[in-house]
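Here's a short walk through the side-chain contacts and strand pairing of one protein model. Have the sequence and the structure open as you read.

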Amino acid sequence: MPDENALILHIHELLQYLNRQGATTFLTVAQHGLVGDMRSPVDVTYLADTVILLRYFEAVGNVRRAISVIKKRTGAHENTIREYQISRGGIGLGEPLRDFQGVLRGVPTFTGDTAPLLDSFPAK
């Protein structure tokens, strides 16, 4: 692509074509930086019907993973941030991380009395 604007236009046209064909399309955008301020080389979130953010964060000396739905164009969606784990047994979701601030930035601050994080669930 000659420049970023041509890339965005091309992606938009491709997504419209796939939508007309009845296809479900998943776009994965790699972002620079694992924690803290993350930057994306191109912003295509306005083209998406749903945006799910996966983040790493540190808690109690461990690297943890958080998931949240940032945008859902049609219908209601859950606004909480939850910890998730992936193991041989599948994907495990924890309770909302209500006792943390800054998880989406990757630099959380614990504000609660007890840690609501997932215990390791058994691998199958």
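## F57 and the aromatic pairs

F57 is buried, with a relative accessible area of 1%; buried here means under 20% relative accessible area, exposed means over 50%, and partly exposed is what falls in between (1.4 Å probe, protein chains only). Keep in mind that this is a predicted model, where local features need pLDDT of at least 70, side-chain atom pairs count only at pLDDT 80 or more, and totals for chains, interfaces and linings use all residues. Residues are numbered from 1 along each chain as its sequence is written, and side-chain values use heavy atoms, with hydrogens and water left out.

The structure has 2 aromatic pairs. Rings of Phe, Tyr and Trp (its six-membered ring) pair if their centres lie within 6.5 Å, and planes under 30 degrees apart are called stacked, over 60 edge-to-face, and the rest tilted. F57 and F100 have ring centres 6.0 Å apart and planes at 65°, so this pair is edge-to-face. Since F57 sits in strand β1 and F100 in strand β5 (residues 100–101), the pair ties together parts that are 43 residues apart in sequence. Helices (H or I, at least four residues) and strands (E, at least two) are DSSP runs, numbered from the N terminus. F100 counts as buried too, at 10% relative accessibility. Ring pairs also bring in F110, giving a cluster of F57, F100 and F110.

## How the strands pair

Which way do β1 and β2 pair, and over how many bridges? They're antiparallel, with 10 bridges; two strands pair if DSSP finds at least two bridges between them. Look across from F57 and you'll find R64 in β2. The hairpin of β1 and β2 has 2 residues between the strands, and V60 in this hairpin takes a positive phi near 55°.

On to β2 and β3: these run antiparallel as well, joined by 2 bridges. Here I67 stands opposite R82 in β3.

## Salt bridges

There are 3 salt bridges in the structure, each being a side-chain nitrogen of Lys or Arg within 4 Å of a carboxyl oxygen of Asp or Glu. R64, the residue opposite F57, forms one with E83, and the closest N and O atoms are 2.6 Å apart. That pair links distant parts of the chain, with R64 in strand β2 and E83 in strand β3, 19 residues apart. Are these two partners buried or exposed? R64 is buried at a relative accessible area of 13%, and E83 is buried at 2%.

R82, which faces I67, bridges to E78, with the closest N and O atoms 2.7 Å apart. R82 counts as partly exposed at 21% relative accessibility, and E78 is partly exposed with a relative accessible area of 40%. Then there's R73 with D49, where the closest N and O atoms are 3.2 Å apart. This pair also links distant parts of the chain: R73 is in the loop between β2 (62–72) and β3 (82–87), and D49 is in the loop between α1 (4–20) and β1 (50–59), 24 residues apart. R73 is partly exposed at 44% relative accessibility, and D49 is partly exposed at 47%.

## The loop between α1 and β1

V29 also has its place in the loop between α1 and β1, and is partly exposed, with a relative accessible area of 37%.
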